[in-house]
Amino acid sequence: MIMGDSSAVDPRTDQPGVERLLSYARGGDEQQLGRLLTLYRNYLTILATTQLDARLRRRVSPSDLVQEAMLGAYRDFPKFRGSSERELLGWLRQILINCLHHAYEAHVQASRRDIRREVSLDDMNRAMDRSVMRLGHVLADPGPSPSAPVRQRERAVALADQLAKLKPDDRDVIVLRNLQGLSFEEVAERMGRKPGAVRMLWLRAIERFRQIYEANP
């Protein structure tokens with residue numbers, strides 16, 4: 001553990017801290033690599049949740065997929081050539097996509113040819129990109145920022161951390177409605193509730209999410 005180095009205490013609020021952790025990790029410090037990867041567990045869990053369809057949800061949980069992705073990232077980190085958080089996020093997302101594809105191949109009852117056609121890596125990548133953008137826009141931006149496009153993925157990480165603080169029902173309704181883009185009727189069916197009740201749950205969940213986010217800028 002590194003003592004007396006405030007830039008490594010909360011890397012997501014200090015970009016040089018992320019780069020410093022990356023530097024330590026690339027230097028072979030396994031403890032700092034573990035700390036670095038753990039920062040993105042919530043982010044990967046939210047993304048994994050958005051990509052699981054009904055066939056796979058019965059067999060694999062988002063936490064299972066993220067654990068597999070984390071182990072793969074830990075194992076393969078020497079192959080990572082990036083030096084920024086944005087590059088790291090792209091690399092982690094690709095690992096998660098590969099884990100999702102393997103999960104479909106292992107668990108979905110279809111021929112290998114059907115699986116490739118239905119859930120190609122390119123399709124998963126595009127779906128993941130949509131989820132990242134939706135996550136970055138769950139709450140309206142307070143105003144335009146020149147750095148916003150560059151920081152979009154980093155902001156998505158911060159939003160995922162705040163989503164993790166919500167109660168499960170609040171988090172689920174936001175993920176289904178905002179990240180997966182389901183209608184209130186579809187969300188109601190998924191959650192076993194009436195559409196009117198889901199709409200009210202969503203309104204309250206968004207307000208609670210906004211309060212949490214504003215209290216933890």
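What follows is a chat about a predicted model of a protein.

Colleague: What should I know before reading this one?

Modeller: This is a predicted model, in which local features need pLDDT of at least 70 and side-chain atom pairs count only at pLDDT 80 or more, while totals for chains, interfaces and linings use all residues. Residues are numbered from 1 along each chain as its sequence is written, and side-chain values use heavy atoms, with hydrogens and water left out.

Colleague: How many helices and strands does the protein have?

Modeller: The protein has 12 helices and zero strands. Helices (H or I, at least four residues) and strands (E, at least two) are DSSP runs, numbered from the N terminus.

Colleague: And what percentage of the residues count as buried?

Modeller: Of 217 residues, 43% are buried. Buried means under 20% relative accessible area, exposed means over 50%, and partly exposed is in between, with a 1.4 Å probe and protein chains only.

Colleague: Which residues touch the most other members of the largest nonpolar core?

Modeller: Tyr43 and Leu135 do, in a core of 60 residues. Helix 6 (residues 85–107) gives the most to this core, with 10 residues. A nonpolar core here is a set of buried Ala, Val, Leu, Ile, Met, Phe, Trp, Tyr and Cys residues joined through side-chain atoms within 4.5 Å.

Colleague: Switching to charges. How many salt bridges does the structure hold?

Modeller: Three. A salt bridge is a side-chain nitrogen of Lys or Arg within 4 Å of a carboxyl oxygen of Asp or Glu.

Colleague: What does Asp169 pair with?

Modeller: Asp169 pairs with Arg193, and their closest N and O atoms are 2.7 Å apart.

Colleague: Is Asp169 buried, exposed or partly exposed?

Modeller: Asp169 is partly exposed, with a relative accessible area of 34%. Arg193 is also partly exposed, at 34%.

Colleague: And which residue forms a salt bridge with Asp170?

Modeller: Arg208, with the closest N and O atoms 2.7 Å apart. Asp170 is in helix 10 and Arg208 in helix 12, so the pair links parts that are 38 residues apart in sequence. Asp170 is buried at 3% relative accessibility, whereas Arg208 is partly exposed at 35%.

Colleague: What about Asp76?

Modeller: Asp76 forms a salt bridge with Arg75, and the closest N and O atoms are 3.1 Å apart. Arg75 is exposed, with a relative accessible area of 58%.

Colleague: Back to helix 10. Which residues there are buried?

Modeller: Asp170, Val173, Ile174, Val175, Leu176 and Leu179. Gly181 follows helix 10, and its phi is positive, near 70°.

Colleague: Where is Gln162 found?

Modeller: Gln162 is in helix 9 (residues 148–163). The residue is buried, at a relative accessible area of 8%.

Colleague: What does Gln162 touch?

Modeller: Leaving out residues up to four places away in sequence, Gln162 touches Phe209, Ile212, Tyr213 and Asn216. Contact means heavy atoms within 4.5 Å.

Colleague: Last topic. At what angle do helix 2 and helix 5 pack?

Modeller: Helix 2 (residues 30–38) and helix 5 (residues 62–76) pack at about 145°, with their axes 11 Å apart. Axes are lines fitted to C-alpha atoms, for helices over the stretch in contact, and angles run from 0 to 180 degrees between N-to-C directions.

Colleague: Which residues meet there?

Modeller: From helix 2, Glu30, Leu33, Gly34, Leu37 and Thr38 meet Met70, Ala73 and Tyr74 of helix 5.
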